[in-house]
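Try each task before you read its solution.

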Amino acid sequence: MKARVLVQREESCLLPYDRNNVFARILRGELPCQKVYEDQFALAFHDIHPLAPVHVLVIPKGEYVSNADFSANAPAQLIVGFWRAVGAIARQLGLEEQGYRLVANHGPNGGQLVFHFHVHLFGGRQMSHRMGNMPRPDDK
Ligand code: AMP
């Protein structure tokens, strides 16, 4: 019999997971998305308000509020699978040679708006070296 991985959720997560957040609904197929990649661990789609020529969101297939939740509570297999998918997506989009930027917002100071853990993948142009200056809508 296959061993079940039981993961104890820590009480330190700031918010409970809301199963009706927009990315949960996309994962369930209730809302459309412009899909660029999918495997058993992750789904990736174009951001509806792109801040760079390439702006893709990668989300894990699991109910995690943010990186604080995902990194503490997701099974190791999902964490590895998710990050391998992020790398594969960047490769698939042809971004490896020129480079790209990954961003994951957590909580109010991070500016998080959607409370399903996700990584923004930006590419297609030179990013600012000043990390405080993230891509802006007029920055294309
Ligand atoms: P944040 O939570 O601040 O890291 O960012 C959430 C991102 O999700 C924003 O860049 C939004 O433009 C994007 N977003 C929100 N709703 C959708 C949607 N239905 N499809 C694609 N991207 C979305």
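**Exercise 1. Find which of the 13 residues around the ligand come nearest, then sort the shell by class.**

Step 1: Ile48, His49, Asn105, Leu113 and Val114 come nearest among the 13 residues around the ligand; a residue is near a molecule if its C-beta atom, placed from the backbone, lies within 6 Å of it.

Step 2: The shell holds eight nonpolar, four polar and one charged residues. Here Ala, Val, Leu, Ile, Met, Phe, Trp, Tyr, Cys and Pro count as nonpolar, Asp, Glu, Lys and Arg as charged, and the others, Gly among them, as polar.

A word on the model: it is predicted, so local features need pLDDT of at least 70 and side-chain atom pairs count only at pLDDT 80 or more, while totals for chains, interfaces and linings use all residues. Residues are numbered from 1 along each chain as its sequence is written.

**Exercise 2. Decide whether isoleucine 48 counts as buried or exposed.**

Step 1: Apply the cut-offs: buried takes 20 or more other C-beta atoms within 10 Å of a residue's own, exposed 12 or fewer, and partly exposed lies in between, with C-beta atoms placed from the backbone.

Step 2: Isoleucine 48 counts as exposed because it has 10 C-beta neighbours inside 10 Å.

**Exercise 3. Work out the strand order of the open sheet.**

Step 1: The five strands run β1-β2-β3-β5-β4, with antiparallel pairing; two strands pair if DSSP finds at least two bridges between them.

Step 2: β1 (35-38) and β4 (100-103) are the edge strands, each pairing on one side only.

**Exercise 4. Identify which element gives the most residues to the largest nonpolar core.**

Step 1: This core has 24 residues; a nonpolar core is a set of buried Ala, Val, Leu, Ile, Met, Phe, Trp, Tyr and Cys residues joined through C-beta atoms within 7 Å.

Step 2: Two or more residues each come from β2 (42-46), β3 (54-60), α3 (76-92) and β5 (119-123). With six residues, α3 gives the most.

Step 3: Ile89 is one of the residues with the most contacts inside the core. Leaving out residues up to four places away in sequence, isoleucine 89 touches Val36, Tyr37, Ala44, Val56, Val58 and Leu121, where contact puts C-beta atoms, placed from the backbone, within 7 Å.

Terms used. Helices (H or I, at least four residues) and strands (E, at least two) are DSSP runs, numbered from the N terminus. Two residues are in contact if their C-beta atoms, placed from the backbone, lie within 7 Å.
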